[in-house]
Amino acid sequence: MERATRRPRGGQSLAGLRRTAFGPDYPPTGVPRPRWARLRLFAAPVLLLALVGLTAAAGEYLSDNRGMSGGTTLVLAVAGTAPAALAPYRPLWAWRLALLAEFIGTAGFTATESWPWNPVQILAFLFVLFVVAVRAEPTVSAWCFLLSLLPVWMYVPNRANAWGVTVLFTALLLVGDQVRRRRRSQQELAVQAERSELEQAKRAVLEERTRIARELHDVVAHSMSMIAVRAETAPYRLPELPGSARDEFTEIAGSARVALDDMRRLLTVLRQSGDRALTAPQPGLAELTQLVEEARAAGVDAALTASVPQGAVGEAVALTAYRIVQEALANAARYAPGARVEVAVRGTAEEMSVLVRNGPPVGTPERPARGGHGLVGMRERVHILGGELAAQATGDGGFAVTARLPHGGVL
């Protein structure tokens with residue numbers, strides 16, 4: 001009885017949702033597949049060869065002890081071993097065939113034999129019962145075992161042997177049920193771990209978006225303040241303006257002030273409990289040199305190449321470029337100690353490109369590299385601007401972060 005792969009609501013796999021949250025290059029780690037599914041490809045040829053040998057042994061036993069002809073011997077031998085080949089794939093159908101073979105296998109039974117079935121058929125039937133106990137639900141397994149005892153009590157001449165088989169079947173049922181429970185609990189733990197990691201990924205995205213929104217608030221608020229100030233001072237700077245134009249500038253200044261008040265309220269909603277108000281100005285391209293110098297002081301062999309036309313980049317784009325370089329330098333120091341890091345920032349009137357590339361690590365990293373919140377923040381920032389981000393390993397064992405940030409002017 002196969003169990004369906006668990007999927008969250010919406011039909012998408014948990015691994016797929018995790019890659020959606022962290023990005024397409026996040027390492028996928030899906031729910032571990034059942035052991036039967038992993039071994040099926042390699043075990044099938046070995047099991048087939050073993051069954052061919054056991055079928056031949058069963059045929060020889062029937063021929064020697066019951067004096068059966070070749071055709072009858074082949075049919076009984078195959079009927080006794082074939083369910084074992086089917087059990088890993090369709091355990092209940094295998095049990096049905098094995099139960100039918102129990103009645104057929106008693107043909108030609110003589111008083112000189114201890115059991116009505118040949119030894120190979122007995123072993124194959126026990127294997128099928130064990131697989132049923134492991135794969136089927138407890139109620140189904142119990143009924144299968146009870147029905148399997150009918151031919152035992154019908155054909156086994158020695159009652160002591162029949163009681164022994166009953167005890168053996170019971171023990172097999174209990175062991176198989178424990179194995180089934182253990183496998184199910186492992187699968188449940190894997191699913192819960194996957195869901196927990198998915199929730200962490202979603203929470204990381206929300207936290208990064210909130211932080212980005214708080215930072216962009218300062219950028220937009222500065223531009224809105226400039227609009228309000230220029231609109232309010234226009235009548236004094238331009239005394240020849242007509243009255244209608246003065247009224248228009250007054251309305252523009254009032255709308256800008258209302259928008260600023262609404263943005264402050266929005267920022268209050270986004271601020272989490274315990275967050276301190278940010279009073280320092282947001283960094284931009286001018287602070288990149290200081291950022292690289294601080295990385296050098298911390299032991300990172302970093303070099304900066306910047307070529308951006310004066311006034312060609314808006315504050316939001318500059319802030320995004322700064323944060324990408326900041327996070328990439330931190331990752332290089334953490335995961336590639338001793339490696340040289342090259343930072344290149346180039347801009348035009350249409351877009352800006354950011355490249356942070358490090359070579360292979362010289363020392364031992366603090367911990368293995370994996371997708372984290374840093375990549376989440378980079379992607380969210382670039383996505384807001386409608387740009388593109390690529391973060392991937394290089395052929396020489398290093399790592400490169402490349403971003404393309406389009407912009408339409410200065411905020």
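Predicted model: local features only at pLDDT ≥ 70, side-chain atom pairs only at ≥ 80, totals over all residues.
When I say buried today, I mean under 20% relative accessible area, exposed is over 50%, and partly exposed is in between, with a 1.4 Å probe and protein chains only. Residues are numbered from 1 along each chain as its sequence is written, and side-chain values use heavy atoms, with hydrogens and water left out.

Okay, the overall picture. The protein chain has 411 residues, and 38% of them are buried. We have eleven helices and five strands; those are DSSP runs, helices being H or I with at least four residues and strands E with at least two, numbered from the N terminus. If you take contacts, meaning heavy atoms within 4.5 Å, between residues at least 6 apart in sequence, 72% of them join residues at least 24 apart.

Now to helix α6, residues 138-155. Which residues of α6 are buried? They are Ser141, Cys144, Phe145, Ser148, Leu149, Pro151 and Val152. These cover an arc of only 160° around the axis, so they sit on the same side of α6; the arc is taken from the directions from the helix axis to the C-beta atoms. The face turned away from that buried side carries exposed residues: Thr139, Trp143, Leu146 and Met154. As a reminder, an α-helix has 3.6 residues a turn, so residues three or four places apart point the same way.

That brings me to the surface. Phe103, Trp143, Leu146, Leu147, Leu150 and Met154 form a nonpolar patch with about 620 Å² of accessible area together. Patch residues have over 30% relative accessible area and no salt bridge; like charges are joined within 9 Å, and nonpolar side chains (Val, Leu, Ile, Met, Phe, Trp, Tyr) within 5 Å. A salt bridge here is a side-chain nitrogen of Lys or Arg within 4 Å of a carboxyl oxygen of Asp or Glu, and the areas are Shrake-Rupley with a 1.4 Å probe, where for residues only the protein chains shown count as cover. Helix α6 gives the most to this patch, five residues. Phe103 comes from helix α4, residues 91-104, and counts as partly exposed because its relative accessibility is 34%.

Last stop: Gly386, in the loop between α11 (373-384) and β4 (388-393). Leaving aside neighbours within four places in sequence, Gly386 is in contact with Arg404 and Pro406.
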